[in-house]
Structure formats: C-alpha cells, structure tokens
Amino acid sequence: MTMARPKVLVIDDDPGVVSWLVDSLPDEGIDAVGETSALHALELVQAGSFDLVVSDVEMPELRGIDLLHRIQSVRSQQMVLLITAFGSIDTAVEAVRAGAVDFLAKPFPIEALALAIRRALRERQLRREIVRLRASSSSSDEVATGIVARSKAMLQALDLTTRAARSHLPVLLTGESGVGKGALARLIHARSDRAASHFVQINCAALPSGIAEAELFGVRRGAFTDAREDRPGVFEQAHQGTLFLDEVGELPLDIQPKLLQALESNRVRPVGGTTELPADVRIVAATNVELESEIRERRFRADLYHRLNVVRIHIPPLRTRVEDIEPLVDLVLQRIGERSGGGPIGISVQALRWLEGRPWPGNVRELVNAIERAAALTEHEVLTVGDFEVAPRPAGAGSFLDDAARGELTLADLERAYVKHVLGLTAGHKARAAGILGLDRRTLYRKAAELEAGGPEDDLK
C-alpha cells in the first residue's frame, strides 16, 4: 500500500523563501502550501488539514512563537517546526518549550528541512505506537497495586515484601510521606494467605486520645451516652485478615499499652464489654518518623516498637530512585486512559526528562497528582513540559531568577549550580544526568570533572 504524501504549510514573510520551499519540497516527497501572512496562515490552519506547519520566527505581523501559541489554541495537536535566520540556543529553547517539534536555523539545504519534517512525523507515529505498547506492558500486579520498580533499592524492597508476605510476622514500613507505604501494605496482604479476608486500614494520626480505644477495639451499647448500639473496632473488622496501622508513630501514648496487649494476646476487649473477643490479625504498620527518636523522647513505647519492628522494610524517597519515574508515569497515564475511556495519553521525551529532574518532596503522591492535573488540563494527546508548569508563587515572591539576580549570580554560576543539582538528584549517574540536562555525555563528563576539581571559578558549596 502506498503511503500518502505528507502535506505541510510553509509560512515566511519573505516571498522568495516561500516560493523556494513550495517548489523544492515536492521533490523530497512532501507537498507544500505557502503563505507570507501569519494571520492568513492561521486561517488556513483552522480550515485545512496539515501534517506539519513550518513557520519563520521573526515576522512583522506575528512572531513564529506567538503564532505557535495561536495555532495550539485552535488545533492542539498541530505540529509546528520553526525556522529562523536568527538562530540561537535561547530561541531554540524557547521554541521547544512553547511546543515546537523542532528548530532549524537558516540558511539550510532543502534536504535538511525535509529530514526534519520526516523525523517529526516519524516521531509522532512512533510516539503513538509507544503509547499503545506501554498501555499493554504493565503487569497485572503493577496495575492492581500501583507499585512499579526499576531501581535497585525498590527492587530489593519488593523482594523483601514478597518474602515477608508469606509469613505471619508483623511488618514495619518506613519512609517519607508519599513514598507508597499504603500500596506496599496492600501488596503484602494480596500476596499473603489472608488475601481472601479483609484488609482494614486506620490512620493513627487521626485518632484523638478519647476515641482511640473505641476505634481500635470497638464499643458496646451503653458504654457511654452516644453508644446506642454495638460497634466493632478495626481489630474485629480485620479478624483473619490484615490490619494496617498507618502513621503508627502518632498513636496516643496512653493507648499504646492496650495495643501491645492486643498484639500479644490476639484478643481485644471492646469499650464497655465484659468479655474478650478473638483478634486474629496480621499487623502491618507504617511510619514516616524515626521511632527510635520517639522512644528516646518518651513518645513511643520501646516494647511496642519491638513488637511491630519484626520485619522492617524501608521505602526510599523518589528523588533517590529516578529510574522508577518513567514506569510510574506510564502506569498513571494508563490508568487515566482506562478511566476516561479515550485511550492512553502519551508524554514527550522532554516532559519525561523534566519530571526526572524534579526533587519531588511529596514523592510518588506528588508525582501522581502532577500527572493527573496535567492530563486533566491538557489540550494535547501527548503531555509536554508546559502541561506540568508549577503553580505561581505567592504574591510578593519572585522567581528563582529574581533571587539569583539579587544575589548577583552569573550565568556560569547558575550553570554550575544546576549541573551539580542534577548530578545530586541522579546520585552521580552521569548518563541519566546528561539526558536531563540535554547534554552529550562527553560535555557532561567535562563539566563534572571541573566541578570535582574545584578551581578558581568553582565557588559552589
């Protein structure tokens, strides 16, 4: 079957350039329509169907980048390639960030433009194929639990999780807020011999001292004024299943001895009850605080800690396992596509590298929220860096560039600081850092060597 020839719209305020491109591109297998007015060209984009728009940057009616924004507002999926005689790195970066698929500096041979056009169209097709492949590549386990792992640290945590799930031993999950402790607790339950029974979760940080006992162990009718009926606690609800004690470090101190007794006896007495009930539960606890320091401060009982800390699994923060970001993004986008029924959403390479370069203090939870927000607000089928723009700073706060200017930092200072920051985020993995920075490996190795060597210009601390 013969493939249809691509059709492009060429826009340049120089009639000679337009004529040259319109006459020459068909010899390269590309049909072209020419226009010298940016505003008229916008009307053609709205009315026509072009595989690609090739636009000059510097035009009297409308700059190419402004035209790009206009085009995106009326046809969000329209691909635009920018050309200019005023080529510079700054312009190229501005063009790509604005959503251009590529940037070509004049003068150029017609073969170079044809190659750039074919490359852009091929990348679009490959991206669509990759999106479809990624949508079917996640294992059922990953889809069910929301856990993906490519980094060595997370793979080790998952291996320990699988082995711990086969036992009945208590498990203590540690790590910063948002790293996925809840998902790991569910995975332990799903892979245990208690999977057919209930998984019950309670947030210990939300238990005021006055109601903690009732929430944990239940209440009998008449125990106090508002107790008009028997109400089971989480131990009774989780009988023969798994009880997940989230944020266990925040548990009120006065309830900790009773919890310890329940864990040791496998029995609980409801508030107002006269008899004990069996409580055959598998305990999984989680904390984002250092329980050892809580013990030293007498805010957590050492005996309860040792009862919970039989199998300890630490989940590292997302900033130390950048390898996990891409599969996490794929999984979240797959779920969004399944929910919307509109098929999977893609993500550009630039946007993925941008996500990999962020520190993510909120860890996986923050990353998921960012993807959900970007997917909900985007007008494209492929997410770009612009879709992940952070919220504006509070009133009165300047940008980091304002801060840098006030501190009289030079461009070289900012470059060295950013290179060092990215190397830190990637734990010194230079190949990954090079991808985030948009540098070739040799250039990054040279810059990294300069940082390590120090020298008169390197005043970074």
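Trainee: What should I know before I start?

Mentor: Residues are numbered from 1 along each chain as its sequence is written. The model is predicted, so local features need pLDDT of at least 70 and side-chain atom pairs count only at pLDDT 80 or more, while totals for chains, interfaces and linings use all residues; side-chain values use heavy atoms, with hydrogens and water left out.

Trainee: In what order do the five strands S1 to S5 form their open sheet?

Mentor: Helices (H or I, at least four residues) and strands (E, at least two) are DSSP runs, numbered from the N terminus. Two strands pair if DSSP finds at least two bridges between them. Here the order is S2-S1-S3-S4-S5, with parallel pairing. S2 (31-35) and S5 (102-105) stand at the edges with a single partner strand each, so one side of each has no neighbour in the sheet. From one strand to the next, the twist averages 20°.

Trainee: How many bridges join S3 to S4?

Mentor: Four bridges join S3 (residues 52-56) to S4 (residues 80-84), and the two run parallel. For Asp56, the bridge partner in S4 is Ile83.

Trainee: Which strands does helix H1 lie across?

Mentor: Contact means heavy atoms within 4.5 Å. Angles run from 0 to 180 degrees between N-to-C directions, with axes fitted to C-alpha atoms, for helices over the stretch in contact. H1 (residues 15-24) lies across S1 (7-11), S2 and S4, at about 165° to S2. Helix H2 (residues 38-47) lies across S1, S2 and S3, at about 160° to S1.

Trainee: What is the strand order in the open sheet that contains S7?

Mentor: That sheet of five strands reads S7-S8-S11-S6-S12, again with parallel pairing. At its edges stand S7 and S12 (311-314), each with a single partner strand, so one side of each lacks a neighbour in the sheet. The twist averages 20° from one strand to the next. Helix H8 (residues 181-190) packs on this sheet, touching S6 (171-174), S7, S8, S11 and S12, and its direction makes about 155° with that of S6.

Trainee: What are the bridge partners inside that sheet?

Mentor: Five bridges join S7 to S8 (residues 242-246), and Gln201 has Phe244 as its bridge partner in S8. Phe244 also stands opposite Val284 in S11.

Trainee: Which residues of helix H16 are buried?

Mentor: Buried means under 20% relative accessible area, exposed over 50%, and partly exposed in between (1.4 Å probe, protein chains only). In H16 (residues 363-377), the buried residues are Asn363, Val364, Leu367, Ala370, Ile371, Ala374 and Ala375. They cover an arc of only 125° around the axis (taken from the directions from the axis to the C-beta atoms), which puts them on the same side of H16. The face turned away carries the exposed residues Ala376 and Leu377. Among the elements covering the buried residues are H14 (325-340), H15 (349-356) and S14 (382-383).

Trainee: How many aromatic pairs are there?

Mentor: A pair of aromatic rings is described by the distance of the centres and the angle of the planes. Rings of Phe, Tyr and Trp (its six-membered ring) pair if their centres lie within 6.5 Å; planes under 30 degrees apart count as stacked, over 60 as edge-to-face and the rest as tilted. The count by this rule is four. In one of them, Phe217 and Phe235 have ring centres 5.7 Å apart and planes at 40°, so the pair is tilted. Phe217 sits in H9 (residues 209-217) and Phe235 in H10 (residues 234-237), 18 residues apart.

Notes:
The expected span of a helix is 1.5 Å times one less than its number of residues.
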